[in-house]
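Dear colleague,

Here is the structure I promised to hand over, with my notes on it below. Please read the notes with the coordinates open beside you.

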Amino acid sequence: MNRLAHWIDGKPWDGEATRYGDLHDPATGEVTGQVPLADAAEVDAAVAAARDAFATWSRTSLTGRTQVLFAFRELLAARRRELAAIITAEHGKVLSDALGEVNRGLEVVEFACGVPHLSKGDHSAGVSTDVDTYSLRQPLGPVAVISPFNFPAMVPLWFLPVAIATGNTVLLKPSEKDPSAAGWLAELWAEAGLPAGVLNVVHGDRRAADRLLEHPDVAAVSFVGSTPVARHVYETAARTGKRVQALGGAKNHMVVLPDADLDLAADAAVSAGFGSAGERCMAISVVVAVDPVGDDLVQRIAERTRGLRVGDGRRGADMGPLITAEHRDRVAGYLDAGEREGATVVVDGRTVAPDGAAGGFWLGPTVLDHVRPGMSVYTDEIFGPVLSVVRAGTYDEALALVNANPYGNGTAVFTTDGRAARHYQQEVQVGMVGVNVPIPVPMAYYSFGGWKASLFGDAHAYGADGIAFYTRGKVVTSRWPAPRDRGVDLGFPQNA
Ligand code: NAD
């Protein structure tokens, strides 16, 4: 039995956990290992290691820090397939998709290699006679990263490189459903030369997360997960005086206008709807077909969906299993509810014949047509391979529908009309917009984040926001007066 250990102070540590969680291969249903679930004592030990390491790492030169970043980049690039295989074995997503996730994480490492430039301050000489003013950015301290199951490598890599490059130390609490990628990454950082204690991985469930949120030595929290938990994380961490960014769930709409290239739109809807079995925060879960394209578009989406091969991600399938049996059953329950509430089942994933072991957590891709706001398949984040099509009479109706949704993570518009696309990108209340692009995950030198119930806090992840989140600004005003300039003056300082 493979039993994972925490990674604390540069080495594996069993801790004193009395609780363990089972790990599964979702493509077979078999138990493959166990993960320790930390209690407060283990979390405290990890925080102590991060606090001690901060004293040295925060003073390590920019050159010293970037050398570790470059070494880590080389190692990860060389061994990315190894990590992709770990992801597929525990998450279930197909190998090519797992590799894509690693590559997107690698881009953030490459971005963070530019930290000497990215963290530069400003300097104004002579703001007053013989007075100069300049700004510094300094690290915060130990920071916590709490990540979800659906991107076990990419989401940690949204935060780790930027937090570490800017001189912080990190406590990563990965999802207990697929935690092996986090342990593998920690070992790779150590191999790259990262000093002990700068990155610590503490495994666990909500108990470990809550201890991190309340620990007085944790300076900031970066969280990614579902909206109810993101709200709890934001409120709890803010109450204890921490800086916090909490990215939540999503219900991403793709609007298809009557002048769109329908083949392009159908390709995009199927790719972004069923990639990673719909377990992506940037998955398209709702297609809004603006009259009169509905019937034609649904037919093209259905054709493509029927052609998808569902199976073990190691066997060249298009789509793998869901993360757990419970989640598979929950998603299937939505299909039953959708049917009862009046949606039309155009392609039924409940009848899929997968290329994989019988015990896998299978559910095929499903297309539901004539979905309406108010149905549970529309209101809830399903987080599975279910694409709902809503019909809208006009563009204005489609835009109003998207803006009425409580989530605001990502959206896309498909059209050949530049003016309509421009109007949409200006007016839509969503943080990330694609124009004829279905999954607009911004590049590493922009920032990732939604609006409304998809993000609690001010800072988005990585990019310029990431650098700002993990550093505090300081402004220095300095003067080197000559002895003759001395003298008491109680007047308010003014510039001259
Ligand atoms: P989740 O909210 O169940 O768990 C996320 C993390 O929080 C895990 O590490 C988990 O152990 C911990 N956690 C769970 N319950 C907790 C609690 N009550 N208190 C404190 N910590 C708790 O999410 P998940 O199921 O792992 O991931 C899927 C969700 O994440 C979806 O809603 C998806 O949209 C969202 N997500 C959002 C983004 C984004 O960028 N906005 C990206 C990826 C995933």
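Predicted model: local features only at pLDDT ≥ 70, side-chain atom pairs only at ≥ 80, totals over all residues.

Overall fold

The protein chain has 16 helices and 23 strands, and its C-alpha atoms fill a box of roughly 85 × 60 × 40 Å along the principal axes. The radius of gyration is 25 Å, which agrees with the value near 23 Å that a compact globule of 496 residues would have. Buried residues make up 53% of the 496 residues, and among the contacts between residues at least 6 apart in sequence, 72% join residues at least 24 apart.

The two domains

The domain assignment gives domain 1, made of 2–248 + 454–476, and domain 2, which covers 252–435. The centres of domain 1 and domain 2, taken over C-alpha atoms, are separated by 31 Å, and 18 residues of domain 1 are in contact with 26 residues of domain 2. On the side of domain 1 that touches domain 2, the elements giving two or more residues are helix H3 (80–91) and helix H4 (95–112). By class, that side of domain 1 has six nonpolar, eight polar and four charged residues.

The nonpolar core

The largest nonpolar core has 156 residues, and those with the most contacts inside it are Val-170, Val-221, Val-256, Ala-269 and Val-288. Helix H6 (residues 154–165) gives the largest share of this core, with 10 residues. Domain 1 and domain 2 both give residues to this core, so it lies between them.

The shell around the ligand

Which residues come nearest to the ligand? Of the 29 residues around the ligand, they are Pro-148, Ala-209, Gly-225, Gly-249 and Cys-281. The shell draws at least three residues from each of domain 1 and domain 2. Helix H8 (206–214) and helix H9 (227–239) each supply at least two residues of the shell, and the largest share, three residues, comes from H8. By class, the shell around the ligand has 12 nonpolar, 11 polar and six charged residues.

Two positions in contrasting surroundings

The C-alpha atoms of Glu-176 and Gln-34 are 142 residues apart along the chain, and they are separated by 9.5 Å.

Gly-473, by contrast, is exposed, because 11 other C-beta atoms lie within 10 Å, where 12 or fewer count as exposed. Leaving out residues up to four places away in sequence, Gly-473 touches Ser-135 and Arg-137. The C-alpha atoms of Gly-473 and Pro-292, 181 residues apart along the chain, are separated by 53 Å.

Backbone geometry to look at

Most residues other than glycine have a negative phi, and most peptide bonds are trans. Against that background, a cis peptide bond joins Asp-291 and Pro-292, with omega of about 10°, and Pro-292 lies in the loop between strand S14 (284–290) and helix H11 (294–306).

Asp-9, which is not a glycine, has a positive phi of about 55°. Asp-9 is found in the loop between strand S2 (6–8) and strand S3 (11–13), and with 18 C-beta neighbours inside 10 Å it counts as partly exposed.

Asp-130 is not a glycine either, and has a positive phi of about 60°. The place of Asp-130 is in the loop between strand S6 (123–128) and strand S7 (131–139), and Asp-130 is partly exposed, with 13 other C-beta atoms within 10 Å.

With best wishes

Key: Residues numbered from 1 in each chain as written. Near = placed C-beta within 6 Å. Helix = DSSP H or I, 4+ residues; strand = E, 2+ residues; numbered from the N terminus. Nonpolar A, V, L, I, M, F, W, Y, C, P; charged D, E, K, R; others polar. Domains from an automatic or database assignment. Core = buried A, V, L, I, M, F, W, Y, C linked by C-beta atoms within 7 Å. Buried ≥ 20, exposed ≤ 12 C-beta atoms within 10 Å, placed from the backbone. Contact = placed C-beta atoms within 7 Å. Rg over C-alpha atoms; globule rule 2.2 N^0.38 Å.
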